[in-house]
Amino acid sequence: MNFLDIISAGLPGIGAMILGLMFLIPVHEFGHWIVARMFGFKTPVFSIGFGKREWSWVIGTFWETEFRLSPILLGGYVSIPELQDETTAKELMKDNPEAQNLKVFPVWQRMLVAVAGVVMNILTAFVIFASLLFFIGQPEAQITGTNITGLS
């Protein structure tokens, strides 16, 4: 087997992985975003991918959030200023008068926002598998025979 055969044999798996990530990243970030919005956190940016705003495609602004598609598609993020560490928050408050209006949220709310992405991934996996079982049914093994080639 030569190098090209090995590469071409792996392409369907690599393609499936990329498609899976293209689906899971927005779902994961949506989990953070929706819980943050429910608790009243500011969410100025929801981005799929990383990169400067100048390089990004701004899809639109809805619910006080700018939605972007950025060029470096290795993940995504939701910008939540209230989740900054204390040092960064103090620096931000010193330079930005609007940032002085940032509310200090209880730890349990900040923890729920942080965990929401993983919980959303788990819920999505559950819904996908439940849908497969409902629409396709339980998989069945079709064993047609057994071949014993030797005993040791």
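A residue counts as buried when its relative accessible area is under 20%. In this predicted model, Phe-67 has a relative accessibility of 15%, so Phe-67 is classed as buried.

The structure holds eleven aromatic pairs. One of them joins Phe-30 and Trp-33, with ring centres 5.9 Å apart and planes at 35°, so this pair is tilted. Phe-30 and Trp-33 both lie in helix 1, which covers residues 3–39. They are three residues apart there, a separation of about one helical turn. Trp-33 is buried, at a relative accessible area of 6%. Phe-30 is partly exposed, at 35%.

Phe-67 itself pairs with Phe-62. The centres of these two rings are 5.9 Å apart, and the planes meet at 45°, so the pair is again tilted. Phe-62 is partly exposed, with a relative accessible area of 42%. Ring pairs also tie these residues into a cluster, made up of Phe-30, Trp-33, Phe-46, Phe-62, Trp-63 and Phe-67.

Trp-63, a member of that cluster, sits in the loop between strand 2 (57–62) and strand 3 (65–69). Its relative accessibility is 60%, so Trp-63 counts as exposed. The backbone of Trp-63 has a phi near 50°, a positive value in a residue other than glycine. Glu-64 occupies the loop between strand 2 and strand 3 as well. Glu-64 is not a glycine either, yet its phi is positive, at about 60°. Glu-64 is exposed, with a relative accessible area of 66%.

Helix 1 also packs against another helix. The axes of helix 1 and helix 3 (residues 107–135) come within 8 Å and cross at roughly 140°. That angle makes helix 1 oblique to helix 3. The crossing is right-handed. On the helix 1 side, the contacting residues include Phe-23, Leu-24, Val-27, Phe-30, Val-35 and Phe-39. On the helix 3 side, they include Trp-108, Leu-112, Val-113, Met-120, Thr-124 and Ile-128. By class, the contact of helix 1 with helix 3 has 15 nonpolar, seven polar and no charged residues. Gly-31 in helix 1 and Gly-117 in helix 3 are also among the residues that meet.

Note on methods: Residues numbered from 1 in each chain as written. Predicted model: local features only at pLDDT ≥ 70, side-chain atom pairs only at ≥ 80, totals over all residues. Heavy atoms only, no water. Phe/Tyr/Trp six-rings, centres within 6.5 Å; stacked < 30°, edge-to-face > 60°. Helix = DSSP H or I, 4+ residues; strand = E, 2+ residues; numbered from the N terminus. Buried < 20%, exposed > 50% of the residue type's maximum accessible area, 1.4 Å probe, protein only. Axes fitted to C-alpha atoms, helices over the stretch in contact; angles between N-to-C directions. Parallel < 35°, antiparallel > 145°, perpendicular 65-115°, else oblique. Left-handed = near helix turned anticlockwise from the far one by under 90°. Contact = heavy atoms within 4.5 Å. Nonpolar A, V, L, I, M, F, W, Y, C, P; charged D, E, K, R; others polar.
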